[in-house]
Amino acid sequence: MKENLYGYTLEGLQNLVLSLGYKKYNGEQILRWLYQSQVTDIDQMSNLSLELREKLKEKYEIFIPKIEKKQISSDGTIKYLLRLSDGNLVETVLMRYIYGNAVCVSSQVGCNMGCSFCASGLLKKIRDLTANEMTSEVMVVQHDLNKTNERVSHVVIMGIGEPFDNYDNVMQFIYCINEAKGLAIGARHISVSTSGLVPKIRQISNEKLQINLAISLHAPNDLIRNKIMKVNQAYNMQELKDALVEYCNKTNRRLTFEYILLKGINDSSENALELIQYLNGLCCYVNLIPYNAVNESPYQRSDEKNINIFYNLLKKYKINVTIRREFGKDIEAACGQLRAKSEGNKI
Ligand code: SAH
Ligand code: SF4
């Protein structure tokens with residue numbers, strides 16, 4: 001099977017052409033063709049010699065996953081169910097903000113973290129996605145946006161999968177989409193969300209590219225977090241906090257905490273006060289997420305009243321907090337929902 005040309009950094013493409021016996025500058029030409037001209041065929045790379053194009057075609061191709069299903073929400077959110085080259089399915093979502101177009105990328109087929117509220121965790125991880133597959137998720141959306149002369153401006157790695165359980169591929173993907181002569185998505189426009197794999201939080205503090213980091217916290221103490229997020233049994237909240245303090249000191253970046261409000265589980269005033277205490281000393285921002293009910297899960301969304309009490313308490317203690325705007329409510333745009341449904345129905 002041929003390898004996909006997507007997903008390489010400039011240096012990666014330079015090494016690739018050098019290994020084929022060509023010049024380093026051919027690497028930059030290929031990068032520009034792929035991400036600036038956005039060609040879909042190696043033969044369209046007209047400033048490469050015919051011989052180089054033939055050599056490339058022997059081993060490589062430009063593979064764009066097939067759109068198995070595309071759902072357009074009334075708020076403009078578009079959810080793509082994509083078929084990868086080996087037949088597996090992943091979800092990619094386009095969210096439209098005033099400031100630009102954000103693509104939410106999946107990083108694995110399924111997820112092994114097993115959070116009890118999440119549809120992705122219901123289907124065990126089948127495999128990691130490669131950097132070229134994550135890049136091709138972005139390119140599917142970019143090709144669609146070309147029709148209206150729009151550009152993908154932001155990327156969030158918050159789809160199916162735990163990105164830090166696939167760290168090296170995710171980092172290669174990030175460096176690839178950041179390439180100045182490629183898609184040129186700025187580091188400040190790239191976010192990665194993790195359930196809290198402490199060693200990888202320490203590792204990302206030392207990367208030369210400083211992207212935004214979001215932590216799926218969802219609980220104010222170990223008792224609750226152990227129950228809803230298995231990862232907490234491996235890295236408890238104090239260990240997580242220690243790593244985050246170090247991250248903040250090293251990078252000077254503000255963290256985002258995600259907190260799904262689950263009725264009767266983590267949404268009381270006491271829970272809010274505990275959370276405030278936990279956040280003490282961290283430079284952060286809290287995103288309160290209304291829960292999207294998943295069929296098989298026992299949880300319910302918190303009442304509007306409780307959400308507001310929780311929000312106001314955080315505000316009162318001067319914590320930067322927002323209630324997440326919901327995207328694609330009518331098209332099941334929450335993490336893993338579409339895939340879980342399709343796999344269930346076996347399309
Ligand atoms: N595995 C990573 C990234 C993907 S999940 C992580 O957990 O951070 C992206 C976000 O969606 C996480 O904050 C996750 O907790 C949240 N999420 C999962 N299921 C959800 C649901 N049913 N309703 C609302 N948010 C959900
Ligand atoms: Fe995996 Fe994130 Fe879902 Fe947890 S919330 S099961 S880590 S995708």
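Two strands are said to pair if DSSP finds at least two bridges between them; helices (H or I, at least four residues) and strands (E, at least two) are DSSP runs, numbered from the N terminus. This is a predicted model, where local features need pLDDT of at least 70, side-chain atom pairs count only at pLDDT 80 or more, and totals for chains, interfaces and linings use all residues. Residues are numbered from 1 along each chain as its sequence is written, chains are lettered from A and ligands numbered from 1 in the order in which they are written, and side-chain values use heavy atoms, with hydrogens and water left out.

Now for the overall picture. Of the 347 residues, 56% are buried, that is, under 20% relative accessible area with a 1.4 Å probe, protein chains only. Among contacts (heavy atoms within 4.5 Å) with a separation of 6 or more, 67% link residues 24 or more positions apart.

On one side, β4 runs antiparallel to β3 (residues 66-72), joined by six bridges; here K66 has R83 as its bridge partner. β4 also pairs with β5 (residues 89-97), again antiparallel and over six bridges, with R83 opposite L89.

Then there are the turns. The β3-β4 hairpin has five residues between its strands, and G76 takes a positive phi near 95°. The hairpin of β4 and β5 likewise has five residues between the strands, with G87 at a positive phi near 95°.

Note on methods:
Buried < 20%, exposed > 50% of the residue type's maximum accessible area, 1.4 Å probe, protein only.
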